[in-house]
Structures are given as C-alpha cells and as structure tokens.
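User: I've got a structure to look over and would like a quick tour. Can you put it up?

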Amino acid sequence: MMKNNSSFLKNILDQKAFRTVLSALISVIILSIPLFNFPQQNLWIRIIGYAGLYIILGLGLLVHVGLAGMFDLGFAAFYAIGAYTCAFLASPHFDLHLPFLAVILIAGALAALIGTLICIPVLKLRGDYLGIVTLGFGEIVRMLLMNLTDITNGSQGIIQIDKPTIFGINFNNSTYFYYFIFALIALLLFLLNRIIHSRTGRAWLAMREDEDVAQMSGIDTSKYKLLAFAIGAFIGGLGGAIFASWQGSIFPDNFNMNVSINILCVIILGGLGNHFGVILGAMALIALPDILRGFSDYRMIIFGLLLIIMMILRPQGFLPRKAPQFEGKSSSSPDHEKEVQS
Amino acid sequence: MSKRFVFVSLLTIAMLLFAACGGAASAEEAAPAEAADTADTADAAVEDEWGYITIPAGEKVVLGLSSALSAGYAAYGQDMLNGATVAVQDFGDLNGWEVVVEGGDDQCEGAPGVTVAEQFSANPYLIGVVGPMCSGTAIPAIDIYAANHVLMITPSSTAIPVTASGNQNIFRIVANDDLQATVTVDYLFNELDLTTLGIVHDQSIYGQGIAEAVQSKFEAAGGTVTGIEGITRGDQDFSAVVSTILEADPAAIYWGGMDAEGALLVNQLRAAGFEGVFFGPDGIKSIPSFVQAAGGAAEGAYMTFGAVGGATGYEEFLAKFTEQFGDPVAYGPGSYDAATIVLNAAKAVATVDSDGNLIIPKKALADMVRATPYDGITGHLEFDENGDLKVVSITVFQAQGEELVPVKVYDFGE
Amino acid sequence: MQKLVEQLINGLTVGSFYALIALGYTMVYGVLSMINFAHGDIFMVGAYFGCFTITQLSKTGFTESNPVLAIIFTFIAGAIGAALTGITIEKFAYRPLRKASRLATLISAIGTSIFLQEFVRLIPKFGSLITSIHFGEKNLFPESWRAAIINVTQTFGGAMVKTYPGILGTAGIKLGEISISYSRILIMAIAIVFMVLLYLLVRLTKLGKAMRAVSEDKETAALMGIDVNKIISNTFFIGSALAGIAGVMMGIFYLQIRPTMGFTPGIKAFTAAVVGGIGNIPGAMLGGYLLGLAEVISIQFLPAVYKDIVAFAILIVMLIVKPTGILGGSGGKNKL
C-alpha cells in the first residue's frame with residue numbers, strides 16, 4: 001500500500017479488500033432490485049438497467065481506449081450499427097423477424113467488421129488525430145443513417161422492433177432486459193479478464209505504454225490494434241441490439257456525438273483501468289442525472305458542476321489502472337505515485 | 001486471478017438463475033400491484049379493467065407534464081409547464097383534493113422520455129400526463145404509458161405514429177402533420193396560385209416528416225417540387241443550401257423545422273434575393289424566436305397552426321399567463337387545454353370511497369376523455385377512436401409587422 | 001463560374017469563423033496539451049456579452065449616432081467577456097488538474113461546457129432568485145437594485161434565442177458579376193487581421209516567446225524563470241478573446257444566438273485545428289479555411305444533407321495522408 005498523505009477516501013478506494021466487498025455488495029443489490037416490490041420499482045429497474053447498458057458500451061470503449069490506448073471519440077457508431085442491424089432483422093421494417101440471439105450476434109459481428117474496416121486506414125494515426133478521425137466516423141455513420149432514407153427510414157426512425165424471445169420467455173417486461181444486460185456484463189467481465197491476462201492483453205499493455213518501443217520489440221501493433229478495435233466494436237454492437245429491442249424504436253438522433261462523449265465519460269470516471277471501474281462510472285454518470293430529477297430545471301447545471309468536482313477530487317477515476325509491476329521496483333518507490341496518476 | 005474467475009463465473013450462474021426466476025417473479029409482482037388496487041376498492045360498484053388510482057385524503061393529485069425542461073428546447077418545455085400550471089390554478093381542487101403539476105424533464109429525447117414515463121407511471125397519485133412535447137420522445141414513451149394504462153395527452157407531438165398504435169389511453173389535441181401538410185398545399189396551390197416549390201428541412205423527425213408530407217401532396221396536386229434539401233441543426237450558415245435551392249427558381253419555399261433555423265433560413269434567403277413566398281409549419285409560429293429573430297426578413301411569411309384565440313376564454317388565459325410567465329411561446333395554450341381536459345374527466349369519474357380515498361378508475365377516465373367534447377382556448381376539441389381530434393381547425397397565419405395575423409382557417413372533420 | 005466564386009467566398013466566410021475558433025483550441029492545446037471542450041461555449045459567451053452590449057447601446061440611441069463605435073464596443077465587450085470566462089474556467093476547472101491525466105481534464109472540460117450552456121440559459125432565473133432573497137419582510141436588495149438586476153439578467157441570457165439588432169444590412173460591393181456583401185468582407189478582414197496579430201505576437205513578443213517555451217517544455221520553462229501559471233492564463237485570455245470575437249461576428253452576421261450555439265462550431269473548429277496540426281497556429285488557420293471550403297465544395301456535387309459527411313471525409317483523408325496534421329503538430333506524442 002502506498003504510504004502517503006492523501007485523503008481517507010483515496011486510501012479506502014485503493015484497498016483491495018474494500019473493493020471486493022464493495023463489488024459483492026453492489027452485485028447483490030443489482031440482482032435483487034427487481035425481486036422485491038418497493039415504491040417506484042419499475043423506475044429503478046429502468047434507471048439501473050439503462051446504466052447497465054452503458055456499462056456494456058463502456059466495456060467496449062474500454063477495450064479501445066483503456067486497453068489498447070486508442071483514443072476513440074466516435075463509439076456511438078458501433079452502438080448505432082448494432083441497433084440498426086437489430087431493427088432491420090427483427091421488425092416490421094423489412095418484415096424480418098429473426099430470433100434475438102441470432103440478431104445480437106449478427107449485430108456484434110457487423111459492428112466488428114465495420115470497426116476493422118475503419119481501423120485499417122488509420123493504423124498510423126496516434127493520439128488526438130485518431131480521436132478526430134473516430135469522431136468523424138461516428139458522425140458519418142449517424143449522418144448516413146439519417147440520409148439513406150430508403151434503407152433506414154431516415155429521421156423517422158424504425159419503430160415496433162420485436163421484443164426478444166429467449167428459451168421460450170418473451171421479454172415483455174423491462175425486468176427481463178435488466179437481467180439479460182447484467183448477465184451479459186458478467187460474461188463480458190469474465191471474457192475481458194481472460195483477454196487481458198493473455199498474450200493479446202500483454203501486447204496491448206505494451207502498446208499502451210509506448211507504441212514505438214512495443215513495435216521495436218517485435219509486437220505486430222497493427223494486428224493488435226485491429227483486434228482491439230474489432231472486439232470493442234463487437235461489444236458496442238451487442239449493446240446496440242439490446243437497446244433497439246428494449247426501447248422498441250430507434251432514431252438516428254439516439255446515436256449522436258453526445259452519446260459517444262457520455263460513454264467516454266463513463267470510462268474515465270470509472271478509472272480507465274479496471275473494468276470494474278466501468279460499473280461505478282456508469283452508475284455515476286447515468287443514474288446521477290436521474291437521481292437529480294428532483295431539481296428539474298437546475299438538473300443539468302448541477303450535473304456539469306458535479307463532473308468538474310468529481311474530477312478535481314479524484315482525477316484518476318474511481319478505480320484507476322494499476323501500474324505495471326516490474327522486477328526490482330517496489331511499489332513504494334517515489335515514481336509509483338506518478339505512474340498510477342497517468 | 002483464479003479467485004476472480006470463480007467469483008465472476010458464480011456471478012454469471014447466479015445471474016442466469018435469477019433471470020429465470022426473477023423475471024417470472026417480477027411479472028407476477030407487477031400484476032398483483034394492479035390487482036391490489038382493484039381489490040382495495042371494495043366499494044367500487046363497477047370493475048375497471050385497468051385498475052384504479054387511489055388517493056388518500058390529505059395527499060395531492062398529481063398531473064404529470066413531460067417536456068424539455070433543460071437544455072436546448074427548454075423555452076418550449078417551460079412554456080408547456082407554465083400552461084399546465086395556469087390550468088391547475090384555474091381548475092381549483094378536484095372534489096376537495098389539491099392538484100399539483102409535476103414536471104418531468106425529457107429533454108426532447110427518447111431515452112430520458114422513457115425514464116420520465118416510468119417515473120410518472122410509478123407515481124400512485126398521478127392521474128395523467130400532458131405531453132411529451134416532442135414526437136421522438138412520445139413514440140418510445142407510449143409503450144410505457146400504454147403498459148401502465150396512464151392517460152397521456154399531447155398538445156404538440158405531431159408525427160403520425162403517435163396515435164397509430166391503437167392504444168386507448170393516448171390522445172393528441174393538435175393536428176397531425178398530415179393535416180398541416182394538406183392545408184399548406186391547398187393554400188399554396190389554390191390561394192396563392194403557386195406551382196413551383198422548393199423545400200428545406202432540418203432532418204428531424206418532425207421537420208423532415210412534414211416536409212416530405214408537403215412534397216408528396218404538392219406533387220399529387222400537380223405542382224412541381226424543384227428541390228428538397230436538408231440542413232444540419234446547429235449550423236448557422238445555410239448559404240450553400242440557399243444558393244442550391246434558389247438555382248431552380250421556385251416561386252415558394254417550404255421550411256420543415258423549427259423557429260431558430262427558420263429565422264436564419266428566411267434571413268439568408270432574402271439576403272440572397274429570394275422574393276417568393278416562405279411557408280412553414282407550427283414550429284415557426286413564434287414572434288420572439290422567428291419573426292423578431294429574422295429581423296424583418298420574416299415579413300409576409302406564412303405558417304400553419306392549430307387555431308388559437310377567438311376561442312372561448314383565451315383572453316382571460318392570456319392575462320393570467322402573461323402576469324406570471326410573460327408571453328406564451330407556442331404550446332402553452334395547448335398545454336392548458338390538455339391539462340384541463342384531464343382534470344375535467346377526472347372530476348367526472350372520481351368517487352370517494354368509505355375510507356375517504358379519492359378513487360379514479362383508469363379506463364373510465366380514458367373513456368371519459370374520449371367521449372367528452374371540450375371547447376378550449378385552442379378551439380373545439382373532440383376525439384376520434386384513435387385519440388386524434390375529430391374536428392380540427394388549422395389556421396394559416398401570416399407575419400405582418402411584428403404580428404402574426406390569421407388569414408385563413410381550415411376545418412376538418414364533421 | 002460566378003456562382004462558384006460566390007460559393008468560394010461563402011466558404012471563406014464560414015472558414016473565417018472556424019479558423020478564429022480553431023486558433024483558441026490550438027493555443028490552449030499548445031501550452032497545456034489539453035482539448036478545451038468548453039471552447040465552443042466560450043465562443044457562445046462572447047456572443048452573449050456582445051449582444052447585451054449592442055442591445056443596451058441601441059436602446060440609448062448610441063448605435064444610431066455612432067455605429068462604428070458601437071460595433072467596436074460590442075467586439076470589445078464580447079472579447080473581454082469571453083476572455084474573463086476563459087481564465088476563470090482555467091483557474092477553477094483546469095488548473096487543479098494540471099498534474100492529472102489528459103482525460104481527466106477532458107471530463108472537467110465537458111462538465112464546464114454543460115455548466116456554461118446551462119448557466120447562460122438560467123441567468124434570468126438566477127436573477128429572480130437573487131432578488132427574492134429576503135430576511136423576514138425586508139429584501140436583500142433595495143427596490144431599484146432589484147429592478148436593475150432583473151432587467152440585466154433578463155436581457156443578458158435566457159432560454160430563448162436572442163437577436164442582435166441588424167446593423168450591417170445586406171449592402172455590398174460588386175466585382176464584375178460577383179457581389180460580396182460588406183458583412184462578409186468585414187468578417188474575413190477581422191479574421192485575417194487577428195490571425196496576423198496573433199502570429200506576430202507569438203513570434204515577435206516576449207510573451208509569445210514565453211508561450212512557445214511553455215508549449216515546448218513546461219518544467220524547463222519554469223526553471224528558466226517563466227511564471228508558467230501566468231503564461232497559461234494569458235494564453236487562455238487571448239485564445240478565449242479570439243473566440244469571443246468570432247462569437248460577436250457570428251451574432252452580427254447571422255443575427256441570432258442561443259445557449260447551444262457553440263457546440264457544432266466548436267466541434268468543427270476542433271476538427272479543423274487537428275487537421276491543420278494541433279498546437280500549430282498557422283495550421284489552425286489553414287484547417288479552418290479548408291473545412292469551410294470543403295463544406296461549400298461538397299454542396300456543388302451532392303445534396304446539401306451530405307455536406308458534413310463529405311467535409312469530415314475530406315478531413316479524414318487528409319489525416320490519413322498526413323497523420324500528424326497538414327503543417328504538423330504535437331498531438332501524436334501524448335499518451336492517454
């Protein structure tokens with residue numbers, strides 16, 4: 001443990017035992033919300049469920065930004081592709097009604113494919129330049145969805161999207177979506193954990209620390225960048241399909257730049273390292289404005305202030321990335337603090 | 001690491017188990033909540049298939065209002081809230097129970113609108129919702145209101161799918177875009193004798209929707225649409241669109257969109273030398289944000305809107321409204337009427353049970369709204385089985401000086 | 001042909017706006033390596049200060065009698081208002097995060113952006129709130145103050161669009177077949193003048209040298225005796241002032257301002273700055289004009305709805321060809 005004079009809060013959050021207990025506690029709470037009838041239950045199912053959707057999206061973006069170090073400002077594009085794929089395959093629009101599990105996988109796959117294609121020309125770009133290009137792609141996807149009216153119905157959107165029927169259970173209630181989302185989150189957390197501790201994960205870590213050095217030490221950075229982009233996009237596509245079938249109607253405006261920025265906020269608040277941080281980040285960012293509803297008119301201005309204050313108080317996010325442990329370097333060295341902060 | 005593996009896989013298994021039981025359990029939970037209402041009202045002579053709203057003595061009756069209360073369209077949303085507030089003031093109490101308006105900020109977007117819908121649906125003292133303001137918000141939110149049998153009446157969502165769902169609790173007291181387009185085309189063609197039209201829209205559900213409706217009707221009437229272009233909301237400079245649309249030299253230009261961009265557009269059209277007719281939908285009917293904002297370029301522009309003024313009680317409404325809130329923006333009067341309709345219907349079907357609770361049967365409430373004609377400040381309001389107005393009055397206004405003068409009224413329905 | 005030239009002039013006009021705003025982005029990026037997401041909203045604040053000034057001046061008839069002076073005052077008000085907002089933001093929302101990661105500052109900037117938009121929208125409400133503070137029967141402010149506060153807050157901000165009084169009109173000059181309005185000329189002239197001034201400032205003055213030093217290496221600059229905080233404040237001041245001037249220009253030209261007006265130009269200007277080479281001042285100017293022209297050119301060939309798609313596509317292609325921006329910048333070196 002770092003011995004320094006930082007605040008009690010900081011120390012608490014860095015304690016591993018505390019974090020495990022917190023995770024367990026949060027999981028139990030999340031699991032039990034739909035089980036016990038309490039006032040405004042449906043509202044909370046909706047709010048937490050929607051935060052859950054952003055957790056999924058956050059995990060996808062985390063692969064891009066947090067794991068592979070690629071600054072992505074246009075993640076909503078993959079969300080949109082997933083959503084529209086679902087809408088095409090399971091609604092009266094083209095009169096196709098494929099089963100949901102197939103739809104969600106196709107949605108993810110299509111998003112991954114497009115993500116890979118987008119990534120190929122921009123492999124050489126770094127930092128903020130990559131950010132701009134991804135921002136541009138995000139906007140281009142949204143605008144295409146808006147203007148290819150014959151295919152997408154343009155600004156009128158696609159409505160009456162099918163509700164999923166999985167193992168005979170029809171999802172006519174938000175509760176089903178709620179559990180589906182959190183089950184998927186658990187699965188994703190597990191899979192991502194495996195990937196991070198695999199060779200791919202180590203390659204990403206190396207690329208993130210210093211791309212040039214990584215390349216020189218023999219890592220095929222192009223391949224790993226493409227892989228990261230594809231995986232992250234896949235996850236985004238999954239989220240999109242869930243959103244489309246949950247909300248039942250989608251419009252191009254549901255996927256604008258604010259959405260990309262929100263997802264980015266989620267993972268930065270969460271800490272950009274630990275994927276469990278994404279959960280906290282999503283809860284904070286999504287649930288918070290809804291909790292602030294009591295302030296009606298002043299809701300957003302308070303929210304803006306809170307973002308600033310949260311960053312000033314804890315700039316590394318809730319659960320920051322642990323610095324890589326190197327041989328011979330103890331964790332109480334004076335450099336450690338600085339590394340963790342970056 | 002393996003500890004985490006175990007933890008996560010246990011979590012996954014737990015999730016799936018919960019999903020199987022929890023989903024079913026919750027579905028049962030939702031039903032008992034409704035059944036409980038029915039069972040409670042032992043005194044109710046008639047069974048209401050949607051359940052009852054039970055408001056104990058001393059609690060307040062809540063009227064919900066869903067609109068954009070913050071961010072970009074807040075001016076319109078606040079206006080709606082203000083209209084409903086005045087309506088509640090005018091109405092007084094409901095059989096002795098105090099009525100309050102509760103605003104839900106949907107920011108004119110789908111997802112917040114659904115959250116607001118859930119929030120309102122979860123409120124046991126809520127009798128109905130005025131709004132949502134925007135069509136893109138209404139369409140997803142309707143699913144929630146319908147599932148919970150919450151009365152919803154919107155004074156401003158004009159897109160056609162809003163009342164196409166067949167739900168019995170959804171109402172609209174504004175003409176839909178189809179009718180506005182019909183009026184527009186008729187006026188252009190028959191009153192102004194114009195046969196060439198250029199169309200610009202803002203790529204929104206509302207703006208593009210009505211623009212395309214105008215396009216198809218104008219062409220069906222035998223006119224020529226010389227071009228249809230879309231602008232990006234948020235841009236200020238439309239010079240490129242302006243020059244493209246003017247290339248074909250149309251006699252008139254139809255704008256599908258809202259006031260702010262409409263003002264910019266008409267200004268830039270005139271600056272580019274366009275002298276023809278400028279026509280727009282209800283979204284531009286605003287003196288401060290269209291007529292004044294365009295600084296003189298709006299002179300002579302036409303727009304369609306539901307009839308306001310000249311109907312019963314408008315002057316009194318205006319006096320009360322302006323005293324508290326300044327001039328109404330656009331949907332304040334409509335919101336007033338919507339709120340009053342809900343309250344009137346509630347008063348008509350409400351009973352008091354032996355425990356002193358106010359009981360309002362939900363389906364009877366919706367049926368009462370549908371069955372009761374109402375002469376409001378926006379005109380005569382009577383519903384058909386879809387929840388749209390049977391008789392709709394659309395007025396064509398023209399900007400003259402800093403006034404919006406009605407120049408022709410169209411009536412639809414019997 | 002005439003059409004094409006007129007369109008090119010339109011593109012240059014719009015490009016002037018983008019360029020001025022992009023300059024502020026790039027300057028701040030240069031010294032702080034941060035993307036000031038709230039920059040577009042500083043542009044908006046400048047427009048509001050200008051609007052307030054010109055409205056008040058018009059009420060007293062000053063604009064009638066001294067139009068040129070009125071316009072100059074409006075610009076100054078817009079510039080100073082924006083500049084003060086900029087340095088305030090820097091002090092409270094960004095300086096505490098100087099040692100933190102760039103992404104933390106990005107979030108803080110996003111929060112600031114939301115805050116500024118909503119603040120301007122809510123100003124009249126704050127005005128009524130303040131004037132209603134009372135202790136028992138007695139109000140905090142005397143009657144005359146209250147009226148003044150309400151008047152000022154109502155005039156300054158609010159949810160509805162505000163309008164600049166039309167000062168410039170549509171008169172213009174004609175070069176052969178082509179007509180260019182005075183307003184367009186004014187906009188381009190102002191943009192070019194300020195860009196040149198900025199360039200000279202950065203190249204020739206002591207302040208400029210200090211700014212360049214801080215951009216290169218903050219720590220070393222501090223060791224050389226440069227007051228880094230002061231330089232950063234100055235950079236924000238100047239960058240924000242330029243945005244404020246662009247805001248006033250936008251108000252005068254398009255007449256209309258609203259709290260959300262900064263978002264789209266902000267994003268576009270940011271794009272322009274990056275394409276030109278983030279951190280590079282001539283690059284920002286170049287990027288701004290390129291974007292303006294790209295938008296206009298695309299409308300020649302495709303329906304107007306594709307304008308933004310084409311513009312983005314062109315910029316992306318440029319970045320792919322030249323990954324560090326056209327004139328080269330510092331953006332690629334920064335780790336997340």
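Analyst: One term before the numbers: a residue counts as buried if 20 or more other C-beta atoms lie within 10 Å of its own. By that rule, 58% of the 342 residues of chain A are buried. Bear in mind that this is a predicted model.

User: What is chain A made of in terms of secondary structure?

Analyst: Chain A has 15 helices and 4 strands.

User: And how much of its contact set with a separation of 6 or more is between residues 24 or more positions apart?

Analyst: For chain A that share is 77%.

User: Switching to chain B. What is the mean pLDDT there?

Analyst: The mean pLDDT of chain B is 82, and 87% of its residues reach 70 or more.

User: Which domains does the assignment give for chain B?

Analyst: Domain 1 covers 53-156 + 331-383, and domain 2 covers 178-305 + 395-412. Their centres, taken over C-alpha atoms, are separated by 32 Å.

User: Pick a strand in chain B. What about S9, is it buried or exposed?

Analyst: Strand S9 (residues 252-256) of chain B has 5 of its 5 residues buried, so it is largely enclosed by the rest of the structure.

User: Which residues sit on which side?

Analyst: B:Ala252, B:Tyr254 and B:Gly256 are on one side of S9(B), and B:Ile253 and B:Trp255 are on the other. Both faces are covered.

User: Which strands does S9(B) pair with?

Analyst: One is strand S7 (residues 196-201) of chain B, which pairs with S9(B) in the parallel sense over 5 bridges. There, B:His201 stands opposite B:Gly256. Another is strand S10 (residues 277-280) of chain B, also in the parallel sense, over 3 bridges. On that side B:Ala252 stands opposite B:Val277.

User: New topic, the nonpolar core. How many residues are in the largest one?

Analyst: The largest nonpolar core has 369 residues. Those touching the most other members are A:Ile56, B:Leu63, B:Ala84, B:Val342, C:Leu20 and C:Leu23. Helix H3 (residues 41-67) of chain A gives the most to this core, with 17 residues.

User: Why does the core lie between the two domains of chain B?

Analyst: Domain 1 (53-156 + 331-383) and domain 2 (178-305 + 395-412) of chain B both give residues to this core, so it lies between them.

User: What does A:Ile56 touch?

Analyst: Leaving out residues up to four places away in sequence, A:Ile56 touches A:Ile181, A:Leu184, A:Ile185, A:Leu188, A:Ile235, A:Leu238 and A:Gly239.

User: Last one: how many residues go into the contact between chain C and chain A?

Analyst: That contact takes 42 residues from chain C and 38 residues from chain A. On the chain C side, helix H5 (102-131), helix H11 (263-277) and helix H13 (307-321) each supply at least two residues. H5(C) gives the most, with 13 residues.

User: And by class?

Analyst: The side of chain C that touches chain A has 27 nonpolar, 10 polar and 5 charged residues.

How values were computed: Residues numbered from 1 in each chain as written. Chains lettered and ligands numbered in written order. Predicted model: local features only at pLDDT ≥ 70, side-chain atom pairs only at ≥ 80, totals over all residues. Core = buried A, V, L, I, M, F, W, Y, C linked by C-beta atoms within 7 Å. Buried ≥ 20, exposed ≤ 12 C-beta atoms within 10 Å, placed from the backbone. Domains from an automatic or database assignment. Contact = placed C-beta atoms within 7 Å. pLDDT = per-residue confidence, 0-100. Nonpolar A, V, L, I, M, F, W, Y, C, P; charged D, E, K, R; others polar. Pairing = 2+ DSSP bridges.
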